[in-house]
Amino acid sequence: GGKAIPDRIDLTQDVVLERLVARLLDQITELTPTTCYETLYERSPKIVPGGRWFVTVAPGAGQFDDGLFTGGGSQQISEDFAAIITGYTRTQLDKTDEDRVILRDTTWGLLLLKRKVLKALAGYDLLDKDGKPFLRGFLQPLSAERPEHDRTQGIAWLSVTFGLQFDWDLS
């Protein structure tokens, strides 16, 4: 016999974001609660926290499942939405350094951080704080933006967008 599929619970979007942050903190040891946090999606933060890397988690656009709503009304509101994970690295390089270093450095490069984010989230089934699953499927990487650089703030960043679906708890 196979393992029983656990019942999925309904919850609110703030819990989804909270659990994404918790998963990143658990899996990427270089991050702390001050360097991995929820935010509105901004391409470049106004305040740069300490640390070599920092990561933001932002809600993206969503779409509701018409078929489930038609069948279940307000008791069955399922949202498929995007979570935008943006990884930042500091870039205090001397003027002779190339962008290659920002991308490829083996201890703090953007591509290493992107790999760690993908490894932490891709294919993972998020759990609430009590260990109960709530997603309708696994976290799926959907797209990645090209890296960007703000020389004034001394940071570079890139975003990976993940798709996920959950059912709203409106009680």
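**A cavity, a helix and a loop residue**

Guide: The largest cavity has a volume of about 40 Å³, where a volume is the space filled by probe spheres set on grid points joined across faces, edges and corners. This is a predicted model, in which local features need pLDDT of at least 70 and side-chain atom pairs count only at pLDDT 80 or more, while totals for chains, interfaces and linings use all residues. Residues are numbered from 1 along each chain as its sequence is written, and side-chain values use heavy atoms, with hydrogens and water left out.

Visitor: What makes a space a cavity?
Guide: On a 1 Å grid over the protein atoms alone, a cavity is a set of points where a 1.4 Å probe fits but cannot get out. The structure holds 1 cavity of 30 Å³ or more.

Visitor: Which residues line the largest cavity?
Guide: Lining residues have an atom within 4 Å of a point. Here they are Ile-85, Thr-86, Gly-87, Leu-113, Lys-114, Val-117, Leu-158, Ser-159 and Val-160. At least two residues of this lining come from each of β3, α4 and β6.

Visitor: How do the residues of that lining divide into nonpolar, polar and charged?
Guide: There are 5 nonpolar, 3 polar and 1 charged. Ala, Val, Leu, Ile, Met, Phe, Trp, Tyr, Cys and Pro count as nonpolar, Asp, Glu, Lys and Arg as charged, and the others, Gly among them, as polar.

Visitor: What makes a stretch a helix or a strand?
Guide: Both are DSSP runs, numbered from the N terminus: helices are H or I with at least four residues, strands are E with at least two. Helix α1 (residues 13-27) has 15 residues, so it qualifies. The chain has 4 helices and 6 strands.

Visitor: How does the span of α1 compare with the one expected?
Guide: The expected span is 1.5 Å times one less than the number of residues. From first C-alpha to last, α1 reaches 21 Å, close to the 21 Å expected.

Visitor: Why is Glu-145 called partly exposed?
Guide: Buried means under 20% relative accessible area, exposed over 50%, and partly exposed in between (1.4 Å probe, protein chains only). Glu-145 has 27%, so it is partly exposed. Its place is in the loop between β4 (140-144) and β5 (148-150).

Visitor: Which residues does Glu-145 touch?
Guide: Contact means heavy atoms within 4.5 Å. Not counting residues up to four places away in sequence, Glu-145 touches Tyr-41, Arg-43, Leu-158 and Ser-159. Leu-158 and Ser-159 are also among the residues lining the largest cavity.

Key
1 Å grid on protein atoms, 1.4 Å probe; cavity = no way out; pocket = protein on both sides within 12 Å on 5 of 7 lines; lining within 4 Å.
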